[in-house]
Amino acid sequence: MVDPLSFKASITLTAQRILTMLTSTADTVKLAAAVSECPIGIGLDNVLDTGAACPVAGPGSIAPLFFNDTIASGRLVASDASGRGVLHADITAGSYIVGILVGPTVAATGTIADVLVMPFFKSIP
């Protein structure tokens, strides 16, 4: 098990969501709002206070993620506009991926499943 990273929360954050860095403030995270934002990991706890510590499962970790779509086990996972997991779809401009679904297939929206966190950018030729 990889030890969680710790950052400050930019706003109230819900656990089991994909997080990215806030570009205007050092060491601060926010919900990923698009596949064009580079994810750093998955939030592990609810954080109610701005500036409070937010534990993040970073690269090499397996973490639970809330899904907003169905997805088969072994597929690449991206973020929707609220930091929830969705199936990665290839787009011409390229996009970021948070990792791969290692848990069972997600058959219903609202399911929580394990993701191997391995953020990367996927370019489409």
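## Salt bridges

In this predicted model, Asp90 forms a salt bridge with Lys122, the closest N and O atoms being 3.0 Å apart, where a salt bridge is a side-chain nitrogen of Lys or Arg within 4 Å of a carboxyl oxygen of Asp or Glu. The pair links distant parts of the chain, with Asp90 in the loop between strand S8 (85–87) and S9 and Lys122 in strand S10, 32 residues apart; strands are DSSP runs (E, at least two residues) numbered from the N terminus. Asp90 has 48% relative accessibility and counts as partly exposed, and Lys122, at 26%, also counts as partly exposed, the term buried being kept for under 20% relative accessible area, exposed for over 50%, and partly exposed for what lies in between (1.4 Å probe, protein chains only).

The count of salt bridges comes to 3. One of them joins the side chains of Lys30 and Glu37 at 2.9 Å, N to O; Lys30 counts as buried at 19% relative accessibility, whereas Glu37 counts as partly exposed at 24%. Arg84 and Asp80 also meet through their side chains, at 2.8 Å, N to O, and here Arg84 is partly exposed at 24% while Asp80 is buried at 13%.

Leaving aside neighbours within four places in sequence, Ile42 is in contact (heavy atoms within 4.5 Å) with residues including Leu19, Pro55, Leu65, Val98, Val115 and Val117.

## Cysteines

A search of the whole structure finds 0 disulfides, a disulfide being a pair of cysteine sulfur atoms within 2.5 Å. Cys38 is in no disulfide, and the nearest cysteine sulfur, that of Cys54, is 16 Å away. Cys38 counts as partly exposed at 39% relative accessibility, while Cys54 counts as buried at 1%.

## Basis of the values

Residues are numbered from 1 along each chain as its sequence is written, and side-chain values use heavy atoms, with hydrogens and water left out. Local features need pLDDT of at least 70 and side-chain atom pairs count only at pLDDT 80 or more, whereas totals for chains, interfaces and linings use all residues.

Definitions and conventions
Helix = DSSP H or I, 4+ residues; strand = E, 2+ residues; numbered from the N terminus.
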